[in-house]
Each structure stands twice: as C-alpha cells, then as structure tokens.
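Please open the structure in your viewer and keep the selection panel at hand. The tour goes from one selection to the next and says what is there.

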Amino acid sequence: MQAIRFHQYGEPEQLVLDEVATPGIRADEVLVRIHAASVNPADFKFRAGWFKGFVDLALPFIPGADFSGTVEKVGSRVDSFKPGDEVFGMRDVQVGGSYAQYIAVSTGAIALKPKNLSHVEAAAVPLAALTAWSALFDHAQLEQGQRILIHAASGGVGTFAVQLAKLSGAEVIATTSTPNLDLVRSLGADQVIDYRLVDFASAVRDVDVVLDSLGGEGQAKSMSTLRRNGLIVTLQPPGVDAILAQRMQVRTALVAVSANGTRTAELAALLDKGALKTVIDRQFPLADAAEAHVRSESGRTRGKIVLTIS
Ligand SMILES: NC(=O)c1ccc[n+]([C@@H]2O[C@H](COP(=O)([O-])OP(=O)(O)OC[C@H]3O[C@@H](n4cnc5c(N)ncnc54)[C@H](OP(=O)(O)O)[C@@H]3O)[C@@H](O)[C@H]2O)c1
C-alpha cells in the first residue's frame, strides 16, 4: 500500500510517499481501507521532533491519528463490524498510521460513519471532537447555565468545543480573529472576541471554565477571567502552572485525548441529526501531506485539514 512516512525528524519535506506492506490484523482488529485522514497539529509536532526524548517513535513512522474509510477485513473475534461497513475513528497520535491506504485498528476505537457525512467530513471529527468532549465533560462537567471561555474557537478543537458547549446549554464566549468571527458566531458562540483587537482578559470576568488550546502567556491571563475556584482546562502539556493556579484560587486540568469508539458513536448520532457539523479548512491529496503540514503549522487553520486517499 502507499503511505506517507518520515524517516527522520525534521521539516515537512521529510514526509515522503512510500510503498509499504499492508498491515496485518489481530483477532480483535479490523482492516480499514482509508478514504480520508485528518491532519492534527500533533502530527507536525511529532514530525519536527518536539516530543523526542519523551516519546521516541519507531522510525520510519506513518503519521496520522484519525480516519474515515471502509472495513476491508475483520479479525476472528470481531462480530461488531463486517466488511463493507463505513467507519471512522482514531488511533493515538504516537501510534499514528492514518496517512496511508489501510490501517489496522481495534474495534474499540471506531464507530459507524455518520450516513449524512462524506468521508472527508467524517475524518475531520474523531481526535478534535473527542478532545473537546473530554475537556468539556470529563474534566469540566460543563452544564446548563455555566459560562465558558473557549480560545482558538475557529480551530479544529475549538469548532467542536463551541458547538458541544452550546448543546450542553452553557453560555459560550469565544476568541478568534477578524476573518473567523462570523464562522464562530455561526457555530453558536454567544460572544466572540477578536483577540487581535481586544485584550480578552479585560473583556471577560467570572467564567466557570476556560478551554485553553494555546498555552503560553495566555494561560495566566486566562486564569484572571475565572471565578474563584473556576477551572482552566488546557490542551498543552505539561499543563498549567500549579503554583500560579493556587495563588489565583483556580483549579486546573490537562487533556490527553485517546480513542473511544462508544463516544465516537455518540458524536456520529449528533452529526447525523445535524446537531453538530464539521468545518473543513482545506483538502490535500495524500501525496501532498507536506503541504498540508505547512498549512497546519501556520496556526491559521479554520476547522480541519483533511487528506484524501484513493
Ligand atoms: N492534549 C491533547 O490531547 C490535545 C488534543 C488535540 C489538540 N491539542 C493541541 O491543542 C492545540 C489546538 O489544536 P487545534 O487542532 O484546535 O489547532 P488548530 O486547528 O491548528 O488551531 C488553529 C486556530 O487557532 C486560532 N488561534 C491561533 N492563535 C490564537 C490566539 N492567540 N487566540 C485565539 N485563537 C487563536 C486560529 O485562529 P486565527 O487564524 O483567527 O488566529 C486558528 O483558527 C494544538 O496545540 C494541539 O496540538 C492537544
């Protein structure tokens, strides 16, 4: 099969199209013929070697976490899926493997693809939406009437977080920049702050939860927008400065997304009935994965970048 791999850490040009063996499957796995795979910022971070020393990948490495495709073959103990089923799901980013024509994946990591979505739209969902879900509901237990500040609301995670927060009945305040204000409003945000024009820390007070996608100096400013004992959930390891958080009397959490087929099926139900939608930034053919990484690294992605695979 064809797959994109990098043989050493480095620039996007390290991503090359290789001919590799089609993976075999274990008894509890299915082999999926991939039609579309999404690009997540973690993909370029791993490629560039940001996590070298913490997570040493077996090189050459096929990047890519989430995918949508058709079940080609099932393992001897699989009875929940059959060949021909259209499915979507993810593997953990450090396992990778979705920038390829085929992937072997455990049945616990996939769900039937929403019927109303194309493979491109479905591939865009799992990692970003599961991250948003985990932040909002596992960590923050967000509920009706609470107020949440969602940063980077126009990005992959943010576009799902805004919609899921609204579905829970929360009041959503979101940050993005001028070209994306209308998009974020259309996803349901009650208040959208153009972070390039307005200092969000002076415009927001007493929120219950902050979803911090960005880390850095924004974290301390974000803590100042929380009510006493409010929660900042970050997506950026190693997490929020605990001493500062204690001084500011706020709680902290760090998300580490992982595959979850049951929850992916719940997302599929929301997508099928139109309660949740995907926003596609750009599509690239698999062979142009390097170009897709350049786009992802720009930090300007609006929704999700997807690779199409034939
Ligand atoms: N811990 C985990 O399990 C986990 C899971 C998923 C993602 N992550 C991490 O979370 C981060 C976000 O992921 P993502 O997929 O959502 O990224 P993304 O799609 O690349 O985010 C791009 C978006 O960020 C917005 N943005 C950039 N700077 C901003 C700022 N200062 N204020 C507000 N918005 C800003 C951009 O809007 P403008 O163009 O308008 O600036 C753009 O729409 C990444 O670092 C990713 O690696 C971690």
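The stops below begin with a helix and then turn to backbone geometry.

The model is predicted, so local features are taken only at pLDDT of at least 70 and side-chain atom pairs only at pLDDT 80 or more, while totals for chains, interfaces and linings use all residues. Residues are numbered from 1 along each chain as its sequence is written, and side-chain values use heavy atoms, with hydrogens and water left out.

**Helix α9**

Select residues 261–272, which form helix α9; helices (H or I, at least four residues) and strands (E, at least two) are DSSP runs, numbered from the N terminus. The helix has 12 residues and reaches 16 Å from its first C-alpha to its last, close to the 16 Å expected at 1.5 Å a residue, where the expected span is 1.5 Å times one less than the number of residues.

Next, colour G261, R263, T264, L267, A268, L270 and L271, the buried residues of α9; buried means under 20% relative accessible area, exposed over 50%, and partly exposed in between, with a 1.4 Å probe and protein chains only. These residues lie on the same side of α9 because they cover an arc of only 165° around the axis, the arc being that of the directions from the helix axis to the C-beta atoms. Show β5 (86–90), β7 (110–112), α3 (126–139) and α4 (156–167) as well, since the buried residues of α9 pack against them, with contact meaning heavy atoms within 4.5 Å.

After α9 comes G274, whose phi is positive, near 80°.

**Backbone geometry**

Most residues other than glycine have a negative phi, and most peptide bonds are trans. Then move to the loop between β12 (226–234) and α8 (242–247), where P238 lies; a cis peptide bond joins P237 and P238, with omega about 5°.

Continue to Q141 in the loop between α3 and β8 (147–150). Although Q141 is not a glycine, its phi is positive, about 45°, and the residue is partly exposed, with a relative accessible area of 49%.

Finish at N229 in strand β12, a residue other than glycine with a positive phi near 70°. N229 counts as partly exposed, at 44% relative accessibility.
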